[in-house]
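Hello,

Here is the structure I promised to pass along. Have a look at it first, and then read my notes on what turned up.

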Amino acid sequence: MMASNRAAAQRIIAPVMLLLILACTLLPAPSAYAAAHKLSVTGQKQFDRMKSAATAADSAKLQSLYNSFMQNQDQNIARDARLKTTSKQNDNDETALRSRIKTIDKAKIDNLARKLQKTKDGYQPLFDQYAAATASLKAAKKLGSKTLNAALQLQVDLLAISVKAAKADIKTVDAELKQAKASAAATIKRLRDQLAAINKEEQLIAPQKSAVSQLNKQKSAEWSDFLYSLRVGDSKNAIRSLTLLGSVLNATAQRLATMEACEARIAAIIKSVSNQVR
């Protein structure tokens, strides 16, 4: 009975676990910027009571600091949204551009490769004829017939002229192919070297993201302190928390602005290189 119960439980748990795994995979990736903080209905009532109990100067300062916090927070959220959009667009554009660069002059090179193979195939009967004539001459020399040797030697000499011209023709086409490959390789390297400047910008972005993450944690912690001040009615500490929150938002805005500038330069690099791709 216990074994059957365990089996039944496993049959129930298995699909539940699968659903949980799927739900986790479908959750959106976290933003670089923290979620918005806003007073709840209860928090707003506590805030209003605090302002009423505070001095006129403190009451006005509390409202001003809170208004500034909300405004700056909204601006940071908007900037973060723009940043994510630009970053994603840059990633997509860079991927597409690298694919285009990879195929530079591919059609030209493929055509020359086919031309070279066609040229070689076209001259192959001549090469076979020359090889056969040379073999016949070698065999005739063993027989000691001067007349036959002279006739075969003449044939070989005449064919040699054609073979020399054929090899020169093949060499010319082969040189064209090698030149096209070398030119494409040089162009690809030059463009990829220009795109390498993106790495420098990404290296500048990385510490900014880390700093924003730390500032987000500080913002959440200070917001909790602010809410505690509201609950206990400590207006002075509430002012301190809001002031610090403002500083955190300003620091975050500077970091986001730096990342925006980096992404703008990345976009410019991509555009510049893209314009050079034939």
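Asparagine 90 sits in helix H3 (helices are DSSP runs of H or I with at least four residues, strands are runs of E with at least two, and both are numbered from the N terminus). With a relative accessibility of 4%, asparagine 90 counts as buried; here buried means under 20% relative accessible area, exposed means over 50%, and partly exposed is in between, using a 1.4 Å probe and protein chains only. Leaving aside residues up to four places away in sequence, asparagine 90 touches Glu263, Ile266, Ala267 and Ile270, where a contact means heavy atoms within 4.5 Å.

Before going further, please keep in mind that this is a predicted model, in which local features need pLDDT of at least 70 and side-chain atom pairs count only at pLDDT 80 or more, while totals for chains, interfaces and linings use all residues. Residues are numbered from 1 along each chain as its sequence is written, and side-chain values use heavy atoms, with hydrogens and water left out.

Now to the charged pairs. Side chains of opposite charge can pair when their charged atoms come close. Searching the whole structure gives 12 salt bridges, each being a side-chain nitrogen of Lys or Arg within 4 Å of a carboxyl oxygen of Asp or Glu. Three of these may interest you.

Glutamate 260 pairs with arginine 82, and their closest N and O atoms are 3.4 Å apart.

Next, arginine 265 and glutamate 201 form a salt bridge at 3.0 Å, N to O. Because arginine 265 lies in helix H7 and glutamate 201 in helix H6 (residues 197-232), the pair ties together parts that are 64 residues apart in sequence. Arginine 265 is partly exposed at 38%, whereas glutamate 201 is buried at 8%.

Finally, aspartate 225 meets arginine 240 in a salt bridge of 4.0 Å, N to O. Aspartate 225 belongs to helix H6 and arginine 240 to helix H7, so this pair joins parts 15 residues apart in sequence. Both side chains belong to partly exposed residues: aspartate 225 has a relative accessible area of 34%, and arginine 240 has 38%.

One more thing to look for: salt bridges with shared partners join Arg79, Arg82 and Glu260 into one network.

Best wishes
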